[in-house]
Amino acid sequence: MVGRDRRARRGGRFGELSLPLRNVRNQSRSLIRHMRVPLLAFLVLFLIRSLVAAVEKPFNFNETPGKLPKEVVPTEYAIRIVSNLDNFTFAGSETVKLNVRSPVRQLMLNGLELKIEAASVDGKELPLSAIKTDNEKELVTLTLPSELGVGDHALTLRFTGKINQQGQGLFYMPYQEQGSGARKVMLGTQFEATDARRFFPCWDEPAFRARFQLTVVVPENWLAVSNMPIEREQKIGGGKEVRFAPTPPMSSYLNVFVAGELDFIESQVGRTQIRVIATKGKAELGRYALEASVQILKYYNDYFGVPYPLPKLDQIALPGGFGGAMENWGGITYYESTLLFDPKSSSAETKQNIYEVLAHEMAHMWFGDLVTMAWWDNLWLNEGFASWMGSKCTAHFNPQWEVWLARELPRDPARRTGIAKEAAMQGDARSTTHPIQQRVATEAEANSAFDDITYKKGQSFLRMLESFLSEDIFRDGIRQYIDAHKYSNTTTADLWNALSDASNKSVGEIAAGWTEQPGFPVVNVKRKADGKVPLTQERFTVNFKNAPSLLWQIPLTYSVVGGIRATLLMTDKTAALENIPADRALKLNLNGAGNYRVEYDDPSWQLLLKSLPKLGVEDRVNLMSDAWALVQAGTAPVSLYFGLVEKLPASTDLAEREQMIDVLDFINRLLVGNPQHGKFQHYAQSLLRPTFETLGWEPKSGESPTVATLRGSLIGTLGDLSDPEIIDGCRVRFEKYLANPKSLLPDLRPAILAVVGRYADEKTWNKLHELGLKTTSIEEKQNYYNALTETTDPKLIKKTLPIAITDELPTSRAVFLVGRVGRNSGHPDLAWEFARKNMKALLGKIDAAGMNRYAPGLFTFFSDESRVAELKSYAKTNLPAPSVPDVTKAVDEIQFRAEFQKRFAIQLNAWIEKKNR
Ligand SMILES: [Zn+2]
């Protein structure tokens, strides 16, 4: 799955995906390995093994966690669903072939908000009193009249259910038809993690693989889509009945059903039919996605060594319901703007976003669908891997995008976001973090597992591991793993075993510290005159006093600038590099590919500052990120970061400037209301202006696509920093755009509209709103409504907020409008006040994953410690227990911001004073 809407969370980010090296292939070959394994290391290895409790075992069905008893295993489902669009309900029936492994008196399966109207086993009807449904536990229990013996049996159920407004189970999406503008409605499903049970009663845990055959009744002019091709279609009273071919054995959460007045375009790779499906009139906008899908499928067929196993692959654009994309096997669903590309109005970032999401979801066809994690505690196997694989594939075909370097999935071009690895590391440094592999006991916990740690730390660790093992050996291990476990489930241990076999290295031991314990290390570098460089590692933390100390096996990479590159597996608390010339700069964590930070002593830092022009952009970005993290942690003054930034060579490298923009944007929002705010804005403008002067407003012929993206970012940020010339420039271009929409390039629209929205008077606000209402393009619509959330005028903020509870935006977008206001407007108080009063209506539009974190997320924009008590008391009376981790995270964030704001303002003042002297 990609990009569940997490916009209202810390820093407001809500994408996913990202990073490593631009040139992994050349990199790994040029590394010379220096393995130093002193005696002590063996002792430490032993210690680590005993510290990391209960190292995980390979997949074993009987020992897999879960609520459902393992005595009864479903093997085949035949499901028939008839939906009623007049009252948004459906009627269903199913026959499930069961394999009973030891005699039972009860059948227990999952069901939620379903009414079971009849049940029979082997043709014998059960009395209604034998059927018990428990909505709280999400279980259906059937008490049998007599013992059901070992062997094959058949369960038949009749049931009814609800068609939801939000993306949970079966849901409906109202939309405006392209061209005619007519109001239409279509159907779709979203089951991961635990919502297949809202569509049909089932053994809804990933280890219960079965074949699913779906039959649906839909209006005659509709196209119905599921995992497999249509097997039979016939007219019946009230529409047509469509039966799909049965799926191969798979997990229940991978089922899909989409239907509506749809169009498609198609292509073919070998024996696989590929289609892009969209609402009528929009299929042609899927041309780019179709071409990319063909390219990606060929790449994966080769990489995984097992060709894509289904006869067809559909990429389906949904005009609402949910925000991201979902890897249903053979029928991937996407929020429309992550799949459709309009060359006339879409930006270069949208194009890149589409490619990355496609590559992520298609990687799941193998990693997730063909081979599935046994239980949700191993969700990272799906998501960390798909994120890493998707980035690798995207980088392979699109080197110009600097994928590993670029900021995280730019789901929302108007907003600056952190770099993906950085996003994960920021969260992982806090007291509220958790290991990549975490215990998951309940459905709510399964839904909460979709977070930055699972996706981004998972990806980041795999990148580090691939670069350590080498690209070819890593791929060989993956091929072995896929082949050995196809049509089955796995745990992380199965992956490490395959990689250990391929590499002859104890991958499980290296990995344990990274996946089974929280946090990550910082490596301290101290130089000695004799060429010796002692290294020590300790846990890196932010706002986390007395953190338990931990130890990692760190696959270190380093080079003497301009000299050799080498690796060292640091297994102990201390290690040392030898023969490093005292007058040469030493850089650790080459290309920033490792998931650790480095703190240099002053002599090393000064040598690095002198060598900046000789370092690659990856290494410079890595130094900037580490310096900023040390400032946040309080172990370095702000002068470390700004001193570095001021020494950077002039450049228009996207990633380097984005790192600055990300930091400056964060501070700009943090200092709202602080007396130092104006001084800071001035200083920040002086840092960004030179790059903008070089780029100018207008694109130059032949410039790289990253330059267009950077130009937009600079305009947006300088506008936010109150740069008068930029604000005027945006207003002038907006006026021109109103007269002639072609006058403004798609790449600049999000930024310019956002700046116009930020400083809008009521007339301009109304104009933006009117444009948003009128357009049927989801991307354009989003640009206009995003602009409305920028306003800082309380009167206009109060006009923006109520839009969240209207039907103007698709549900998944509408509800996050409030979070955007909280983040952008400088008035998180108004956003929270509105949400508190309208919580019921807002939660009605959120999917399962978003529910727990919605309210706590709105508090993460506060820097005022008094809000901590308010959140705690709100949570106590209003939030369910599964919200606790998100409440704790929000509390930590408020406390961090409050403390950091004070410390930062004082240090910044001193830094600027010193410069002015
Ligand atoms: Zn995913």
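## Helices α6 and α8

In this predicted model, helix α6 (residues 420–428) packs against helix α8 (residues 452–469) with an axis separation of 9 Å and an angle of about 120°. The angle makes α6 oblique to α8, because the roughly perpendicular class ends at 115 degrees and the roughly antiparallel class begins over 145. The crossing of α6 past α8 is left-handed.

On the α6 side, the contact is formed by A420, K421, A423, A424 and D428. On the α8 side, it is formed by D452, I453, K456, K457, Q459 and S460. By class, the residues of this contact are 5 charged, 4 nonpolar and 2 polar.

## Helices α20 and α21

Helix α20 (residues 762–774) and helix α21 (residues 778–788) cross at roughly 155°, and their axes come within 8 Å. The two helices are therefore roughly antiparallel to each other, since angles over 145 degrees fall in that class. The α20 and α21 crossing is left-handed.

From α20, the residues in contact are W765, L768, H769, L771, G772 and L773. From α21, they are K781, Y784, Y785, A787 and L788. The contact of α20 with α21 comprises 8 nonpolar residues, 2 polar and 1 charged.

## Helices α15 and α29

Helix α15 (residues 654–670) meets α29 at roughly 95°, with the axes coming within 11 Å. This pair is therefore roughly perpendicular, as the class covers 65 to 115 degrees.

The contact involves F666, I667, R669 and L670 of α15. Its α29 residues are F896, R897, F900, Q901 and F904. Sorted by class, the contact of α15 with α29 has 6 nonpolar, 2 charged and 1 polar residues.

## Two further positions in α29

Helix α29 spans residues 884–916 and includes D892. D892 has a relative accessibility of 5% and so counts as buried. Apart from neighbours within four places in sequence, D892 contacts R430, S431, T432 and N543.

T888 is also placed in helix α29. With a relative accessibility of 41%, T888 counts as partly exposed, because that class lies between 20% and 50%. T888 lies 16 residues from K872 in sequence, and the C-alpha to C-alpha distance between T888 and K872 is 8.9 Å.

## The zinc site

The zinc ion has protein donors from M1, H360, H364 and E383. M1 supplies both N and O, H360 and H364 each supply NE2, and E383 supplies OE. These donors lie 2.0 to 2.3 Å from the zinc ion. Along the chain, the donor spacing is M-x358-H-x3-H-x18-E.

H360 and E383 are both buried.

## A buried loop serine

S345 sits in the loop between β21 (331–335) and α4. Its relative accessibility is 7%, so S345 counts as buried. Once neighbours within four places in sequence are set aside, S345 is in contact with P746, R749, S777, E779 and E780.

## Backbone geometry

Most peptide bonds are trans, and most residues other than glycine have a negative phi. The peptide bond from E192 to A193 is cis, and its omega is near 5°. A193 is in the loop between β11 (183–190) and β12 (211–218).

Y487 is a residue other than glycine with a positive phi, near 55°. Y487 lies in the loop between α9 (471–485) and β23 (488–490). At 34% relative accessibility, Y487 is classed as partly exposed.

N589, likewise not a glycine, has a positive phi near 55°. N589 lies in the loop between β29 (586–588) and β30 (597–600). Its relative accessible area is 0%, so N589 is buried.

Methods. Residues numbered from 1 in each chain as written. Predicted model: local features only at pLDDT ≥ 70, side-chain atom pairs only at ≥ 80, totals over all residues. Heavy atoms only, no water. Donors = N, O, S within 2.8 Å, 3.2 Å for Na, K, Ca; no water. Buried < 20%, exposed > 50% of the residue type's maximum accessible area, 1.4 Å probe, protein only. Axes fitted to C-alpha atoms, helices over the stretch in contact; angles between N-to-C directions. Helix = DSSP H or I, 4+ residues; strand = E, 2+ residues; numbered from the N terminus. Parallel < 35°, antiparallel > 145°, perpendicular 65-115°, else oblique. Left-handed = near helix turned anticlockwise from the far one by under 90°. Contact = heavy atoms within 4.5 Å. Nonpolar A, V, L, I, M, F, W, Y, C, P; charged D, E, K, R; others polar.
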